[in-house]
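Please keep the sequence and the coordinates at hand.

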Amino acid sequence: MALVTMKRLAAVVPAERRRAVLRRLAQLGCAELEAGTPQLFAETKGVLRPQEENTEAAAAVSRLTAAYTAIGKAAPQKTPFFAPRMAISQRALFDPDSLREANRIAEEIESLIRQSEQASADMARIQSRIASLRPWTPLDLKLDTAGTEHTEFWMGTLPIACDLEALQANLLEQAPASFFEWIGSDQDQHYITLLVHRSNAAAASSLLRAGGFTPAPFREVPRTASEEIASLERQLTTAQDQKNQAVQMIAAFSPSRQKIAAAIDAYTQEALHDRLLSSVGRTARTVYLSGWVPADAESAVTQALQQEGCAYEFRDPLDEEEPPTAYRDNRFVEPFTAVTEMYGTPTYRSIIDPNPLMSFFYFVFFGFIMADAMYGLLMFFGCWFYLKKKRPAGTMRQMMTLFMYCGVSTFVAGVLTGGWFGDLASAVSGGCFTIPALWFEPLKDPMKMLIFSLGIGALQILIGMGLSAWRSIRQGQPLDALFDVGSWYLVFLGIGLFALGLPIGGWLMGIGVAILLLTGGRANKGFGKVTGGLGKIYNVTGFLSDLLSYSRIMALGLSGAVVGQVVNKIATMATGIPGVILFVAVFLFGHIFNLAIGLLGAYVHTSRLQYIEFFGRFFEDGGHPFRPLKNNTKFVEIVKED
């Protein structure tokens with residue numbers, strides 16, 4: 001169960017082949033490259049130095065993404081949920097002619113986007129102008145009217161809180177040579193005009209300012225409000241036509257949608273390579289790459305480097321180096337690494353790969369928590385169909401595969417415990433027909449379910465302790481394995497034999513306890529040697545607590561079964577046509593809900609049992625996961641060329 005052995009890679013790459021080398025390594029997906037360190041540059045006395053690499057790929061990604069989004073809005077395309085990504089070779093993905101064409105289209109679309117945005121801005125401005133003019137449509141005067149030789153004409157707004165009657169009374173008293181007219185009001189303000197003799201203008205102005213008067217901003221408009229609105233509406237129609245024309249021209253590029261999507265993925269990889277090359281050491285004609293490669297991938301990387309004319313070296317890690325941690329698991333175990341990575345990454349020298357044994361227990365625990373054959377079939381075929389049609393990558397592929405496998409264990413556990421959409425057969429037939437459990441029914445025999453849960457939990461705890469002992473032995477500490485783990489094995493074995501009525505069980509318990517008392521504080525000084533042993537014996541409470549944690553397998557399994565039975569009981573309460581409608585509605589909603597909540601509970605609590613009760617006994621956290629250079633694409637799936 002050892003982790004993957006790593007080799008240190010150092011390569012000198014001809015500068016003109018640097019991007020070709022990165023593409024080859026990304027295609028292999030087995031080399032983790034790292035940025036150059038200040039120490040590296042200092043040790044070479046400046047011979048190696050970083051140099052910015054900028055192919056404008058990041059800007060291209062931004063431009064192409066904007067174009068792709070614009071096409072999606074202008075010409076919406078219904079993409080089936082299970083539609084797979086476009087398959088393309090790496091040579092076709094990075095084809096210069098195709099990328100140039102995609103860039104040309106994106107630049108044209110970028111220009112059209114600007115036209116559309118300008119038209120939208122014009123429309124918003126015009127609509128705002130029209131909205132501000134509408135309250136003045138009752139006024140049959142040109143908006144630039146300023147008065148006559150002896151009068152002044154004002155138009156504007158007053159706050160809605162202004163008392164117009166009081167204002168008119170004050171005008172009549174202080175500026176009698178004036179004519180006040182109310183045009184209209186809305187929820188915010190009053191619209192008014194005032195014709196005043198110049199001799200009364202100062203007094204009238206003072207009264208209006210005191211009331212919060214704001215002049216209308218239309219003094220330059222030589223038309224009435226209605227005429228200006230008509231003119232603006234014509235402008236609005238023109239702006240709308242311009243926007244529609246731009247959108248139609250963008251929609252015309254819809255056949256190039258896939259080409260633009262592929263270019264986005266290509267330039268995304270190039271932008272990644274830009275960042276990497278900007279951080280490594282370079283000379284005038286070479287680029288220095290360093291990183292880590294799994295030992296079994298050394299020959300493939302060697303072949304790629306040789307074909308690109310590189311000088312290279314592989315060596316074993318030094319003691320002070322901490323290589324990345326990689327797993328080499330089979331097809332069944334590999335999806336379960338996603339669970340481990342959510343907890344942490346073991347150190348490179350931790351010796352133990354936690355995934356093979358963890359995956360078995362995760363598989364079993366998940367199945368008995370769900371424990372329904374039909375739920376298992378839905379999980380398996382749903383995930384299988386998604387994987388086959390959608391062909392996801394990365395973490396999504398791992399998680400869907402994990403749930404597909406757990407669908408198998410859920411089906412088996414359901415067959416063993418008689419769960420087929422709960423007790424659907426019995427509920428529908430009124431108890432005349434049931435599908436018997438091949439082993440036992442948890443709701444009828446919960447004690448057996450509890451014993452099974454605690455039993456398999458005890459097995460996992462003992463295996464976790466064994467892995468801890470194995471790690472100690474491999475690290476040259478066999479006494480730690482004997483005293484810290486072996487003594488507990490004697491205690492547990494003695495308890496089991498004593499429970500069976502065998503006298504030797506008591507002797508084994510006594511020997512185990514004596515070893516714990518005598519050796520538990522061996523690393524302490526003075527009186528700590530005695531208290532350390534007592535502390536070790538007190539840890540038996542921790543074992544009991546950990547063991548009881550596995551009762552959640554029983555609890556969650558029973559709760560899911562009970563919910564399923566309740567759903568079936570409610571679904572079969574009525575008869576006739578209403579009964580059929582009730583059955584379909586309650587059955588679908590109830591079992592979908594029970595499946596969803598069951599999946600969440602099974603995933604969370606099964607993971608918790610691994611993280612706390614299992615990993616806590618031997619897992620050496622602190623490593624960093626192996627992240628090889630690879631083509632991380634969103635729209636396309638890169639396939640190997642024939």
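Two residues are in contact when heavy atoms lie within 4.5 Å. The model is predicted, so local features need pLDDT of at least 70 and side-chain atom pairs count only at pLDDT 80 or more, while totals for chains, interfaces and linings use all residues. Residues are numbered from 1 along each chain as its sequence is written, and side-chain values use heavy atoms, with hydrogens and water left out.

Apart from neighbours within four places in sequence, Asp274 is in contact with Arg19, Glu53, Asn54, Thr55, Glu56 and Ala57. Asp274 belongs to helix H9 (residues 257-277); helices here are DSSP runs of H or I with at least four residues, numbered from the N terminus. With a relative accessible area of 6%, Asp274 is buried. Buried denotes under 20% relative accessible area, exposed over 50%, and partly exposed the range in between, for a 1.4 Å probe and protein chains only.

Ile105, in helix H5 (residues 96-133), is likewise buried, at 2% relative accessible area. Beyond its neighbours within four places in sequence, Ile105 is in contact with Phe253, Ser256 and Ile260. Phe153 is 48 residues from Ile105 along the chain, and the C-alpha atoms of the two are separated by 57 Å.

Helix H12 (residues 355-370) is mostly covered, with twelve of its 16 residues buried. Among them are Phe361, Tyr362, Phe365 and Phe366. The buried residues of H12 pack against helix H11 (337-343), helix H13 (373-390), helix H14 (394-417), helix H16 (446-474), H21 and helix H22 (576-614). Ala371, which follows H12, has a positive phi near 50°.

Helix H18 (residues 504-519) also has a set of buried residues, namely Gly505, Leu508, Gly512, Leu516 and Thr519. Viewed down the axis of H18, these buried residues fall within an arc of 95°, so they line one face of the helix; the arc is that of the directions from the helix axis to the C-beta atoms. On the face of H18 turned away from the buried side are the exposed residues Trp507 and Leu518.

Ile570 lies in helix H21 (residues 551-571) and counts as partly exposed, because its relative accessibility is 38%.

Key: Helices (H or I, at least four residues) and strands (E, at least two) are DSSP runs, numbered from the N terminus.
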